[in-house]
Amino acid sequence: TRTQVVIIGSGPSGLLLGQILDRAGIDNIVLERKSKDYVLARVRAGVLEQGTVDLLTAVGVGERLAQDGLVHHGISLCFDSSLHRIDMTALTGKAVTVYGQTEVTRDLMEAREAYGAKTVYEADQVTPHDFAGDRPRVTYVKDGVAHEIACDFIAGCDGYHGVSRDSVPAGALTTYERIYPFGWLGILAEVPPADHELIYANSPRGFALCSMRSTHRSRYYVQCPIDDRVEDWPDQRFWDELRLRLDPVSAARVTTGPSFEKSIAPLRSFVAEPLRFGRLFLVGDAAHIVPPTGAKGLNLAVSDVRYLSEALIEHYGEQSDAGLDAYSGRALGRIWKAVRFSWWMTTMLHRFPQATSFDQRIQEADLAYLVSSKAAMTSLSENYVGLPH
Ligand code: FAD
Ligand code: DHB
C-alpha cells in the first residue's frame, strides 16, 4: 500500500489531522492500536479554547459542538472558604466551550467514515521506518497478518505512550520533565453541576475541580495521593471529600448520585524537542504532556495539528517546505507557554506534600494577589481562553 501521510494514533490529534488532510485532498491512513469503542470510551478533557472551536468548525465538525457545547464566560477560584469569579470574557473578549473530548472524537470519527478515509483499528506492532530518508514506511500487524505502507510523511499522533517518539534515535531528542507528587481522581455522574461555570478549589485538604459535560452531567476531580487506587474511593467517600474542599455555599449545591466513571490520572509536565526528525513529526501528547489544571492538553494538540496541516498543505500545494521546516519551532513556542501556565496553575492550586510554611504563605499570597489585581486576572484569563495560534 502507498499513501501520502501515515497518521499513527486516532486520538484527537490524529483524527483532526486526518480530517484536515482529507478536505485538502491529501491521502492519509490512520493506524490505531486500540478498538474504536475503546478510544470512544476514554474520558479525558472537557474545555475547548475558542481557537479549537474555530478550527473544528472550519473543518466541518462544528455542528454538534455548536448545538451541545456550553459556552462559559468565566471560572471561579475557591480558597479561604470563599468563591472568586474571574470574568474572562470581560477581561479578554473571549470565552471557552465545555464539550467533552469523547464528543470531539466521535464527531471526527463520523466525519472520517462519511468521507470514506481509511482507519485501521487494533493495529499491532505499528513501527515507523526510514524516516531519515526520502522513502519512509510504516509496518504493522492486523489479525496476525503483516502489512507495510509506503508514504511521504509520518505523523506521530500516538500519545505519551506511543511508538513514534521512541523510534527516534537516542541522542536526537532532548526531554524536559516534572512529575507532581499527587494524582487526580475524577468521576462522572448523571447529576446537575454545582455551578453553571467551573470551580477550581484550593483547600487545606487539597485541590478540587467542579466541571461538567452538560447541564445534567457533572465531572468532578479531587487531588489524591499518587498511589491511591479507585477502589480506595467509593462514591460516598468521594462526595464527602469533594464537599469538604469547597466553600459552604458551593458544597451545599453539589448534587450527589452514583458515578458511572471513575479514574485516577498522574500529573506530569513533559516536553520532547524537536518535533521533527526528517519525515517524522511528533504531534500532541506524543511530544508533550501538561498537568490538567489549565485544561490545555487537548487544545495544544489542536494547535500542533493546525501548524502541521498548514505545512503539509503548503508542501503539496506550493511545493514549499518552509512550513515543514518551521513546524517544530512554531509549535514549541506555543507549547512552552502552555507548559508554563499549566505548571503555574497546578502549583498555585494544589497542596504539595513537601511544602514548607514559607511555600504555603507564598501560595496564599499568589491567590490573594490574583483576585485583587485586574492585570493578574487578565493574564490568567488570556492563557485560559487560549493564546493565539
Ligand atoms: P491521545 O488522545 O493519547 O491519542 C493517542 C492515540 O494513539 C490513542 O488512541 C492511542 O491508543 C494511540 N496509540 C498509542 N500508541 C500507539 C501505537 N503504538 N500504535 C498505534 N496507535 C497508538 N486534558 C485536559 O485538558 N483535561 C483533562 O481532564 C485531561 N485528562 C486526561 C486524563 C488522562 C488519563 C490522560 C492520559 C490525558 C488527559 N488529558 C486531559 C490530556 C488530553 O486528553 C490529551 O492532551 C489529548 O488526548 C491529546 O490527544 P492526542 O491525540 O495527542 O493523544
Ligand atoms: C476538565 C478537565 C480539566 O483538566 C480542566 O482544567 C477543566 C475541566 C474536565 O474534564 O471537565
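Residues are numbered from 1 along each chain as its sequence is written, and chains are lettered from A and ligands numbered from 1 in the order in which they are written. Because the model is predicted, local features need pLDDT of at least 70 and side-chain atom pairs count only at pLDDT 80 or more, while totals for chains, interfaces and linings use all residues.

Confidence was examined through pLDDT, the predictor's confidence in each residue, from 0 to 100. The protein has a mean pLDDT of 98. Of its residues, 100% reach 70 or more. Helices (H or I, at least four residues) and strands (E, at least two) are DSSP runs, numbered from the N terminus. Among these elements, strand β1 (residues 5-8) has the highest mean pLDDT, 99. Helix α2 (residues 36-41) has the lowest, 96. The model scores are ipTM 0.96 and pTM 0.97.

A residue is near a molecule if its C-beta atom, placed from the backbone, lies within 6 Å of it. Ligand 1 is surrounded by 32 residues. The closest are G9, G11, G159, G284 and G297. Residue classes were assigned as follows: Ala, Val, Leu, Ile, Met, Phe, Trp, Tyr, Cys and Pro count as nonpolar, Asp, Glu, Lys and Arg as charged, and the others, Gly among them, as polar. On this basis the shell around ligand 1 holds 14 nonpolar, 11 polar and 7 charged residues.

Helix α10 spans residues 297-318 and has 22 residues. From its first C-alpha to its last, α10 reaches 31 Å. This is close to the expected 32 Å, where the expected span is 1.5 Å times one less than the number of residues. Just after α10, Q319 takes a positive phi of about 55 degrees.

Around ligand 2 are A45, G46, V47, L198, L209, S211, R219, P292, T293 and A295. They divide into 6 nonpolar, 3 polar and 1 charged. Ligand 2 lies between domain 1 (5-72 + 95-177 + 268-346) and domain 2 (180-267 + 354-384), because both give residues to its shell. The domain bounds come from an automatic or database domain assignment.

Strand pairing was considered next. Two strands pair if DSSP finds at least two bridges between them. An open sheet of 6 strands runs in the order β8-β2-β1-β12-β19-β18, with mixed pairing. Its edge strands, β8 (118-120) and β18 (276-277), each pair on one side only. Within this sheet, β1 and β2 (residues 28-31) pair in the parallel sense over 4 bridges. The bridge partner of I8 in β2 is L31.

A second open sheet has 3 strands in the order β9-β10-β11, and its pairing is antiparallel. Here the edge strands are β9 (124-129) and β11 (145-150), each pairing on one side only. β9 and β10 (residues 137-142) are joined in the antiparallel sense over 4 bridges. In β10, V138 is the bridge partner of P128.

Strand β13 (residues 174-189) has antiparallel pairings with β17 (residues 259-273) over 13 bridges and with β16 (residues 217-224) over 7 bridges. T175 has A272 of β17 as its bridge partner. W184 has Q223 of β16.

Backbone exceptions complete the description. Most residues other than glycine have a negative phi, and most peptide bonds are trans. D80, however, has a positive phi near 55 degrees. This residue is found in the loop between β5 (74-79) and β6 (82-87). A cis peptide bond joins E273 and P274, with omega of about -10 degrees. P274 is placed in the loop between β17 and β18.
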